[in-house]
Amino acid sequence: MMEYLYLALAIAADIVANVLLKMSQNMSRRINVFLAIGLAIGAFFCLMQAITKLNLSIAYALWGGIGLLVTTFLDVAFFKERLSKMSWLGLFLICAGVGILL
């Protein structure tokens with residue numbers, strides 16, 4: 001069961017790293033950049049631990065898919081980004097693809 005904890009930590013670290021990059025304001029806030037880099041490294045470490053017991057295709061799909069979805073929703077909610085209809089369709093297809101893999 002630890003592999004799922006590592007996968008959840010990898011997803012969370014990836015999401016926070018992406019938000020911190022957005023908050024770095026084109027790298028002018030260096031602390032955010034360094035934190036994002038550290039979290040990205042941590043995310044890969046946790047993913048590496050998760051794939052010792054999980055299939056790579058499943059773990060990577062969940063990591064990438066959930067990370068992308070949550071990051072996008074945070075971007076819309078907090079940074080007021082607007083998504084086109086095609087973007088929404090793409091997000092739906094990612095959800096469908098991850099669901100099919102499971």
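Start by selecting Glu 81: in this predicted model, its relative accessibility is 31%, so the residue counts as partly exposed. You will find Glu 81 in the loop between H3 and helix H4 (85-101).

Glu 81 and Lys 22 form a salt bridge, with 2.8 Å between the closest N and O atoms. The two partners come from distant parts of the chain, since Lys 22 sits in helix H1, 59 residues apart from Glu 81. What else does Lys 22 join, through salt bridges that share partners? Select Asp 75 as well: Lys 22, Asp 75 and Glu 81 belong to one network.

Next, look at the other link in that network. Asp 75 and Lys 22 meet through their side chains in a salt bridge, at 4.0 Å from N to O. This pair also connects distant parts of the chain, with Asp 75 in helix H3 and Lys 22 in helix H1, 53 residues apart. Color by accessibility if you like: Lys 22 is partly exposed at 38%, and Asp 75 is partly exposed at 23%. The structure holds 2 salt bridges in total.

From here, widen the view to the helices themselves. Select residues 2-23 for H1 and residues 56-79 for H3; their axes come within 9 Å and cross at roughly 35 degrees.

To see where they touch, display side chains on both helices. On the H1 side the contact residues include Leu 7, Ile 11, Ile 15 and Val 19, while those on the H3 side include Leu 62, Trp 63, Ile 66 and Val 70. Lys 22 and Asp 75 are also among the residues at this contact. By class, the contact is made of 13 nonpolar, 3 polar and 3 charged residues.

Stay on H3 and pick Thr 72, which lies in this helix. Is Thr 72 buried or exposed? Its relative accessible area is 14%, so Thr 72 is buried. Leaving out residues up to four places away in sequence, Thr 72 touches Leu 83 and Leu 91.

For a last stop, select the cysteines Cys 46 and Cys 95. Cys 46 counts as buried at 10% relative accessibility, whereas Cys 95 is partly exposed, with a relative accessible area of 38%. How many disulfides does the structure hold? There are 0.

Technical notes. Residues numbered from 1 in each chain as written. Predicted model: local features only at pLDDT ≥ 70, side-chain atom pairs only at ≥ 80, totals over all residues. Heavy atoms only, no water. Axes fitted to C-alpha atoms, helices over the stretch in contact; angles between N-to-C directions. Helix = DSSP H or I, 4+ residues; strand = E, 2+ residues; numbered from the N terminus. Contact = heavy atoms within 4.5 Å. Nonpolar A, V, L, I, M, F, W, Y, C, P; charged D, E, K, R; others polar. Disulfide = S-S within 2.5 Å. Buried < 20%, exposed > 50% of the residue type's maximum accessible area, 1.4 Å probe, protein only.
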